[in-house]
Amino acid sequence: MKKIYTKLAGAAAVLACVASGPAQAQAGAYPSKPVRLVVGYAPGGTTDISARMIADVLGKEFGQTFVVENKPGANSNIGAESVARSAPDGYTLFVGSISTAINQSLYSKMSYDALKDLDAVALLNVVPNILAVNASVPVKTVQEYIDYAKKNPGKLTCASPGNGSSAHLGCELFKMKTGIDILHVPYRGSGPAVADLLGGQVDSIFDNLPPLLPHVRAGKLTGLAVTTGSRVPFAPEIPTIAESGVPGFDVAAWFGLFAPAGTPPEIVQKVNAAVNKALTSDAALAASYQTNGFLMPPPPNTPQAFKAFMESETRKWGEVVKATNLQIN
């Protein structure tokens, strides 16, 4: 997480675009009708929850309706493409995630380019992941996990919510950095993956910390380390992978707001300002973030900083995808 914060802070030096007169006039009246927030996944997941939280606060801020529309499929590509092809007027936005960056290299055939066809608006939240193992696996630390994997090559299994997820790529990055041989087992979502982890059908997982933390604290799972660069405030007792013998390891799921490329900069800035106002001053939103285990995005949460972060994430995961020969047709 420390690196994530550093990358975003360093991007503050990027110059903002200057809006034209017509764009300023359009932004002044914005929004004058309902705004759609498209989510590329089914209702109930972390992306959907993030979208509904921000839709509520933006609706209050602007006095206008913000409607969440779910368009699941292709690891969020269907929803993302629909927004990329929408009119760049600020009335159709996309709630993307780390998958928006991963997909650019993961899929061999992409009908849109997230870096060119979507404008970054604001980062919404960061969600730490955790390396957790079934309590029956005879390891208590990251180093013991690595040693066990080296003594039993190919025996340990690592579950994920699906190919291309942050859990999957986190596992692959860990394998690259440690040189261990563990078997990735993809599932159709976190629910069944965690169920099999609890049941002992799979040994470990690199998935979102919030839903796994109760199982760790109940002793059903062993939480070896969080994947972020620094410890998380709501589970400070859990060390990081980086401090546990894998220097530089820093992975977190994240969720952000995008607009179709070409959206007037004044509208992008107006939505960004509303998001940041809610993140810094809405007590109800802060309480919801704490309940769901979301971390506030680090400052400066500007469109320019978010764009630079998105570019960095796209490069980072592109290297992992290439090194591991991962590809979805």
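The largest nonpolar core of the predicted model comprises 69 residues, and the residues with the most contacts inside it are Val-142, Tyr-145, Phe-174, Ile-241 and Trp-254; a nonpolar core is here a set of buried Ala, Val, Leu, Ile, Met, Phe, Trp, Tyr and Cys residues joined through side-chain atoms within 4.5 Å, with buried denoting under 20% relative accessible area, exposed over 50%, and partly exposed the range in between (1.4 Å probe, protein chains only). Strand E4 (residues 118-134) supplies the largest share of this core, eight residues, where helices (H or I, at least four residues) and strands (E, at least two) are DSSP runs numbered from the N terminus. Phe-174 touches Leu-131, Val-142, Tyr-145, Ile-146, Ile-180, Phe-206, Ile-241, Val-246 and Phe-249, not counting residues up to four places away in sequence, a contact being defined by heavy atoms within 4.5 Å.

Because the model is predicted, local features were considered only at pLDDT of at least 70 and side-chain atom pairs only at pLDDT 80 or more, whereas totals for chains, interfaces and linings use all residues. Residues are numbered from 1 along each chain as its sequence is written, and side-chain values rest on heavy atoms, with hydrogens and water left out.

Eleven aromatic pairs are present in the structure; rings of Phe, Tyr and Trp (its six-membered ring) are paired if their centres lie within 6.5 Å, and planes under 30 degrees apart count as stacked, over 60 as edge-to-face and the rest as tilted. The pair formed by Tyr-30 and Phe-62 is edge-to-face, since the ring centres are 6.1 Å apart and the planes stand at 75 degrees. This pair links distant parts of the chain, with Tyr-30 in the loop between helix H2 (21-28) and strand E1 (35-39) and Phe-62 in helix H3 (residues 46-62), 32 residues apart; both Tyr-30 and Phe-62 are buried. The rings of Trp-254 and Phe-309 are likewise edge-to-face, with centres 5.4 Å apart and planes at 65 degrees. As Trp-254 belongs to strand E9 (residues 252-260) and Phe-309 to helix H13 (residues 303-324), the pair ties together parts that are 55 residues apart in sequence. Trp-254 and Phe-309 are both buried, and they form one aromatic cluster together with Phe-94, Phe-258 and Phe-306. A further arrangement involving a ring places the charged end of Lys-33 over Tyr-91, 4.8 Å from the ring centre, the criterion being that NZ of Lys or CZ of Arg is within 6 Å of the ring centre and within 35 degrees of the ring normal.

Grid points are joined across faces, edges and corners, and a volume is the space filled by probe spheres set on the points. The largest pocket holds about 850 Å³ of space and is lined by 35 residues, of which Tyr-41, Thr-46, Pro-161, Gly-189 and Ser-190 lie nearest its centre. Helix H3 contributes the largest share of this lining, four residues. One cavity of 30 Å³ or more is present; the largest cavity is lined by Tyr-30, Gly-90, Leu-93, Val-121, Ala-259, Thr-263, Ile-267, Val-268 and Val-271, and helix H11 (residues 265-281) gives the most to that lining, with three residues.

Several backbone features were also found. The peptide bond from Tyr-30 to Pro-31 is cis, with omega near -10 degrees, and Pro-31 lies in the loop between H2 and E1. A cis peptide bond also leads from Pro-299 to Pro-300, with omega near 0 degrees, Pro-300 being placed in the loop between helix H12 (283-292) and H13. Ala-74, in the loop between strand E2 (66-70) and helix H4 (77-84), has a positive phi near 55 degrees and is partly exposed, with a relative accessible area of 36%. Ser-76 lies in the loop between E2 and H4 and has a positive phi of about 85 degrees although it is not a glycine; Ser-76 is buried, at 2% relative accessible area.

Notes:
1 Å grid on protein atoms, 1.4 Å probe; cavity = no way out; pocket = protein on both sides within 12 Å on 5 of 7 lines; lining within 4 Å.
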